Each structure stands twice: as structure tokens, then as C-alpha cells.
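Please look over the chain shown here, with attention to its aromatic pairs, nonpolar cores and salt bridges. The notes that follow are grouped by topic.

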Amino acid sequence: MEKVAEILAEASAEVVEPRFRALAAGEVMEKAPGEVVTIADREAEVIITRRLRELLPVPVVGEEAVAADPALALALHSEPACWLVDPVDGTSNFIAGRPDFAVMASLVRAGQTVAAWIWQPVTGTAYAAELGSGAWRDGRRLLRTPADDAPEKWRGSLKSRFLDPAEHHRLQTNARAFGHLTEGLRSAGMEYPQIADGDQEFIFYWRTLPWDHAPGSLLITESGGVSARLDGSAYRPDPPGCEDGLLVACDPETWERTRDILAGRLHQ
């Protein structure tokens, strides 16, 4: 667990942090319509991939590698074990000079996330989780207390821009039952820890790319929360395309009640 955390922090220090608020002309590229990537993303993924394979020689499913060859993501189903890597989660924030970005990795065995790491470079904060063993922030065990029983006091984020307009409107209408709502931080590596740390009660995601959600989902479940599809099935890191909603909450009762308000009505 400690070695992977070191790999992420070292790669960040080598090629990500020196370019924060210092990207040169030509170091930001479009990898797909509306999606950008930087030289920091690409160089960090190369470094992390090499060092993770030295630690455990299994396939590495990296966000930028999959952008170049989508078939690589099939290893999540076909291989007994593989690494998942998001070299800069929150690239748009990184480009804009905002501090909300992270470097993330996770280990998947038999289609289940068994270990996860999140490094937040600006604050130097490290999160880690291991299946069945717990979750930690900077080595301190995380155990989230349950939410207050009044939904109008809950804090949450709705990441629904990929929904069709009618369901997006229905979701936003139902969400008025909650207290404080935001659109999130545009970085899963910053958003999931908000729940584990007690700063938020729930997040609803529609698009669930595996490198974005495997690390945080394990962090939440190992700190006492729930990360599950709208049908109640536990999150699993599937290849891109399995975008049927993900609700993350700080405890089981909060998850159930939030689904009653959001997900149940969403599909009426």
C-alpha cells in the first residue's frame, strides 16, 4: 500500500506539479471532441504505468492509453488482475490553474476493486483504501459518522450533465428536497474524499468511467458508506459504456433515502 502511494506522489512531483500554472504553449491537446489532455497527463501515466508493473506485472488500464486504444479497457473483465490509473483527475481544473485535481490508481482483481490510492498534490493529502481492511487519510483511519436524519440538512452534488434533458430536469426538481447542492468539483479524486471526510452526504454521478470511480468508491465503502448503482448493485469497475448511474452516500440509510428522492423518481 505504501509503495503505490509513493509512486503516485513521485510521478506527481516529477512531471505534474512543475507544470501546474506553468503549462507552455502546445502542452494542452484535444484528445476527443470536447476532451482535453496535457503533457503532464501523458508523461505521468507513462511513469506510473512502468513503476506499477515493476511492483506487480499485470496489465495497466490507464485513461490516456485507453483514449488511444479503447480495447485496453477490456482487461477489466478478461484479466484476473489489472491496475487502473488516472494520471491527472480533473484535467480541466489543472489547465485552468485551479487546485482541484488528483493523481489516482487502483488495483482490480476478478472485476472488483481491492485497493485504491488518491493523491491530492496541492495539499499533499494522501487517501488509501484496501478491501476489507479500511480507509485512511494520511495514515489516519477514516470512519464516517451517519448523516443527520433530515434530508433538508444534507449536502450533496449532482453530476447529471450527461443525462438527457428531460431526466436532468426531473432530477434537479426532485433534488430540491435536499439542503445544499452543488455541481461538484469536476474531479472525482476531490469529490469522493469530501464524503469520507464528513464534508458532504452524497453524490450522484451519471457517467462512471472506471479510472474516475474505482478509487473513490472503495474509499467510501471502506469508511462506512455506500457506492452503488441505482438498482442497488454494488459498484464494479466496468469498461466505459456502462453509464447507468451511480449513487454514493455516507451511510446505508442515507443512500436508501437519497435514492427514494432522486433515483426512484428519476425513472417514473
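**Briefing**

L185 is found in the loop between β11 and α7, where helices (H or I, at least four residues) and strands (E, at least two) are DSSP runs numbered from the N terminus. This is a predicted model, in which local features need pLDDT of at least 70 and side-chain atom pairs count only at pLDDT 80 or more, whereas totals for chains, interfaces and linings use all residues. Residues are numbered from 1 along each chain as its sequence is written, and side-chain values use heavy atoms, with hydrogens and water left out.

- At 26% relative accessibility, L185 counts as partly exposed, on a scale where buried means under 20% relative accessible area, exposed means over 50% and partly exposed lies in between (1.4 Å probe, protein chains only).
- Leaving aside neighbours within four places in sequence, L185 is in contact (heavy atoms within 4.5 Å) with N93, D100, M190, E191 and Q194.
- Between L185 and K31 there are 154 residues of separation in sequence and 22 Å in space, C-alpha to C-alpha.
- R186 lies in the loop between β11 and α7 (188-196), and has a positive phi of about 60° although it is not a glycine; its relative accessible area of 47% makes R186 partly exposed.

**Another positive phi**

- A110, in the loop between β5 and β6 (112-120), has a phi near 50°, a positive value in a residue other than glycine.
- With 60% relative accessibility, A110 counts as exposed.

**Aromatic pairs**

- The structure holds 7 aromatic pairs, a pair being rings of Phe, Tyr and Trp (its six-membered ring) with centres within 6.5 Å, and with planes under 30 degrees apart counted as stacked, over 60 as edge-to-face and the rest as tilted.
- The rings of F20 and F101 have centres 5.0 Å apart and planes at 55°, so this pair is tilted.
- That pair links distant parts of the chain, 81 residues apart, with F20 in the loop between α1 (2-16) and β1 (28-32) and F101 in the loop between α5 (91-96) and β5 (102-109); both F20 and F101 are buried.
- F178 and F202 also form a tilted aromatic pair, at 4.6 Å centre to centre and 50° between the planes.
- F178 lies in the loop between α6 (165-174) and β11 (180-182) and F202 in strand β12 (residues 202-205), so the pair ties together parts that are 24 residues apart in sequence.
- F178 is buried, with a relative accessible area of 5%, and F202 is buried as well, with a value of 0%.
- One aromatic cluster is formed by F20, F94 and F101.

**Nonpolar cores and surface**

- A nonpolar core is a set of buried Ala, Val, Leu, Ile, Met, Phe, Trp, Tyr and Cys residues joined through side-chain atoms within 4.5 Å; of the 50 residues in the largest one, V61, F202, F204, L219 and L262 touch the most other members.
- Helix α8 (residues 210-222) gives the most to this core, with 5 residues.
- V36, found in strand β2 (residues 35-38), is partly exposed, with a relative accessible area of 35%.

**Salt bridges**

- The structure holds 14 salt bridges, each defined by a side-chain nitrogen of Lys or Arg within 4 Å of a carboxyl oxygen of Asp or Glu.
- R51 and E10 meet through their side chains in a salt bridge (3.7 Å, N to O); R51 lies in helix α2 (residues 39-55) and E10 in helix α1, so the pair ties together parts that are 41 residues apart in sequence.
- D197 and R137 form a salt bridge between their side chains (3.1 Å, N to O); D197 lies in the loop between α7 and β12 and R137 in strand β8 (residues 134-137), so the pair ties together parts that are 60 residues apart in sequence.
- D197 is partly exposed, with a relative accessible area of 25%, and R137 also counts as partly exposed, at 28% relative accessibility.
- The side chains of R259 and E256 meet in a salt bridge (3.3 Å, N to O); being 3 residues apart in helix α9 (residues 252-261), R259 and E256 are separated by about one helical turn.
- Salt bridges that share partners join E10, E14 and R51 into one network.
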